[in-house]
Amino acid sequence: MRIFLLFLIFPFTNVWSQTLEDLEFGTEETLDIVTWNIEWFPKNDQTTLQYVVNIIESIDADIIAIQEVDDYFFFNDLVDFLADYDGYYQSSNNRGLAYLYKTDIISINSGYELFLTEPESYNFPRFPMVLDVNYYQERVVLINNHYKCCGDGELDTTDSTDEETRRYNANLLLKGYMDTELSNVKTVLLGDLNDVLTDAPLDNVFQNFIDDSTNYLFTDIDIANGPITDFSYPAWPSHLDHILINKPNFSPFFAEGGGTETIKVDDYLIGGFSEYDQNVSDHRPVGMHLVLPQVLGTTEVSQTSFVTAINPIGDTIAFQFEEIQTEVAISIYNTLGQLIVSRTIKNPSENLELNSSHLSKGLYIAVITNANQERTIIKLKK
């Protein structure tokens, strides 16, 4: 019922949705990662859901780490409306953290939470949520966070209840985990970290990362040092939403096309930030581009058009051949380059169906070669 009411009350043809069409972020050439505190989603029920659907489709990021999901039923509705995305969260008790990811280029290896028990867990009002994924064949690990808020701006490490101390300890724990477990893996720590990067060293809760500049970089440091008009939290104003990368990500970040920016959605709404704050969030998204190789596990040679496949696939993969009388070889790979299905068809009919009920949801690559060694490579989305 909720889904049908959405279209009756707020159709996609509202005036503001036309201006959002001008908003651009994601590119075909980069892995685009966004952190977004969407403030007690959905803060304005169906209206918020409609706004967020439009914003996500305009941003067109590959992965979005979300904070402050208040209603996971609404989050599931959000996923249903986003044709290109799936959602991930540990459980409805994980205090507002979730991910959205594009299923055609992102596959999940694993997901888990960190620091679930005392005394470490006291420093995390929401347990850090790890998502280990493949972008094509590149492994990337994300750690989504929403740190303790508030405080007086002064770090008192002798007081374990001090808000700054809890954020400081959270950074110590996460850096220790990343140093030990993920030093050679492309890792992104991101989220609403509820503090600024520009405090003096004695009061800077991020100083342990900042001091280890050989291995870590806050990709949004230029935003933090820049004009307040670019800050992620305009209401204060302050910049609280950060994206940290480790050394394996330095080259993809500094390559041409890499970078980080605040995505100022409010610039594309008629009512500006007031409209955005009332209907969506008091935080703007912050997004990063990484220039990573898009390796599919097969070598793309001369391609022909003698075969097509029907997408998305369900329990069967349907191939349609055009004027092919000779045998064809069909090989299907996952994004790790592992061979999943191999068939040789002696006399291909006009339509051929292969059983794919055993395949999990995600992206696959079909390589079809005829007797003349002409090859077609097709992306299959399930």
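**Exercise 1. Find which classes of residue make up the lining of the largest pocket.**

Step 1. Know the model. This is a predicted model, where local features need pLDDT of at least 70, side-chain atom pairs count only at pLDDT 80 or more, and totals for chains, interfaces and linings use all residues. Residues are numbered from 1 along each chain as its sequence is written, and side-chain values use heavy atoms, with hydrogens and water left out.

Step 2. A pocket is an open set of points on a 1 Å grid over the protein atoms alone, where a 1.4 Å probe fits, with protein on both sides within 12 Å along at least five of seven lines; lining residues have an atom within 4 Å of a point.

Step 3. Sort the lining. The largest pocket has six nonpolar, four polar and four charged lining residues. Gly counts as polar, Cys and Pro as nonpolar.

Step 4. Locate the centre. Of the 14 lining residues, Cys-150, Asn-194, Trp-236, Ser-238 and Leu-240 lie nearest to it. The volume is about 350 Å³, taken as the space filled by probe spheres set on the points.

**Exercise 2. Describe the second largest pocket and name the strands that supply its lining.**

Step 1. Its volume is about 240 Å³. Ser-107, Ile-108, Ser-360, Lys-361 and Gly-362 are the closest to its centre, out of 17 lining residues.

Step 2. Strands S5 (106–113) and S18 (363–370) each give at least two lining residues. S5 has the largest share, four residues. Strands are DSSP runs (E, at least two residues), and helices are runs of H or I, at least four.

Step 3. By class, the lining holds six nonpolar, nine polar and two charged residues.

**Exercise 3. Work out the strand order of the three-stranded open sheet.**

Step 1. The order is S13-S14-S17, paired antiparallel. Two strands pair if DSSP finds at least two bridges between them.

Step 2. S13 (307–309) and S17 (351–355) are the edges, each pairing on one side only. The twist averages 25° from one strand to the next.

Step 3. S14 (316–321) joins S17 over five bridges. Thr-316 stands opposite Asn-355 in S17.

Terms used: Axes are lines fitted to C-alpha atoms, for helices over the stretch in contact, and angles run from 0 to 180 degrees between N-to-C directions.
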